[in-house]
Amino acid sequence: NSGKKEIQTLAKGWNTWDTFSQLSYAFLPSGIDINLAFKEYRNGSILRNPQMYQTGQRMILGAHSDDGSYTELEVEWQGMIFRIQTASDHDQFIALVTPLKTDSLKPPVLIAEAGILWQLPGTVSKSADAITWTTPSCTTSLFSTGYSVRDPYLNTATAYNAYRLINEIGLSTGRHYTIAEIKEILKAKSEKLARQKRDYGS
């Protein structure tokens with residue numbers, strides 16, 4: 001029926017489809033997922049699957065388009081603040097993670113975990129620093145503007161890369177995007193969303 005077709009039309013592309021984490025970004029219909037987490041080294045704690053109103057953290061939600069083409073939020077945790085901006089470039093995902101305030105003793109790391117959600121078919125493979133998803137509908141890989149670091153105590157059960165958050169880190173699928181390219185796309189998507197809000201009077 002028309003309702004089912006409308007849902008199928010809307011439920012596609014990159015968006016925050018996974019409600020278990022504010023920092024999970026999934027692609028439909030394949031179900032490939034990028035889940036972002038952070039580790040700090042003063043106490044060795046990890047922030048994974050954050051949600052609004054959880055104790056020990058503070059989240060400030062920014063702009064979020066209905067179709068997931070642009071999202072923005074800030075996370076305050078363990079005395080540090082991170083800004084996460086994401087956008088879609090056609091069927092590719094891009095993100096910019098900016099440390100606004102960090103621990104000066106040892107910088108935290110950004111953990112990018114790769115998975116496939118909802119028991120959908122597919123595989124995730126890791127070779128050196130390369131992570132690749134293979135599903136019946138698509139194959140893509142994860143790229144970063146940073147260099148991955150080794151930490152055997154990240155307590156993750158899936159393929160991942162970890163990046164030292166000294167400066168902003170860019171993530172992308174499909175191909176390597178430069179920081180300049182990522183910022184240009186984020187700016188365009190953010191401005192488009194702002195225009196749409198003005199047009200609708202919000």
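The model is predicted, so local features need pLDDT of at least 70 and side-chain atom pairs count only at pLDDT 80 or more, while totals for chains, interfaces and linings use all residues. Residues are numbered from 1 along each chain as its sequence is written, and side-chain values use heavy atoms, with hydrogens and water left out.

Let us start with the whole chain. The protein has 2 helices and 14 strands; these are DSSP runs numbered from the N terminus (helices H or I, at least four residues; strands E, at least two). Its radius of gyration is 17 Å, close to the 17 Å that the globule rule gives for 202 residues, so the protein is as compact as a globular protein of that length. That radius is taken over C-alpha atoms, and the rule is 2.2 Å times the number of residues to the power 0.38. Along the principal axes, the C-alpha trace spans about 55 × 40 × 35 Å. Of the 202 residues, 43% count as buried (under 20% relative accessible area, 1.4 Å probe, protein chains only).

Now to the contacts, meaning heavy atoms within 4.5 Å. Among those with a separation of 6 or more, 57% come from residues 24 or more positions apart.

α1 (2-10), β1 (13-15), β2 (24-28) and α2 (179-199) each supply at least two lining residues, and α2 gives the most, with 4.

Terms used. Buried means under 20% relative accessible area, exposed over 50%, partly exposed in between (1.4 Å probe, protein chains only).
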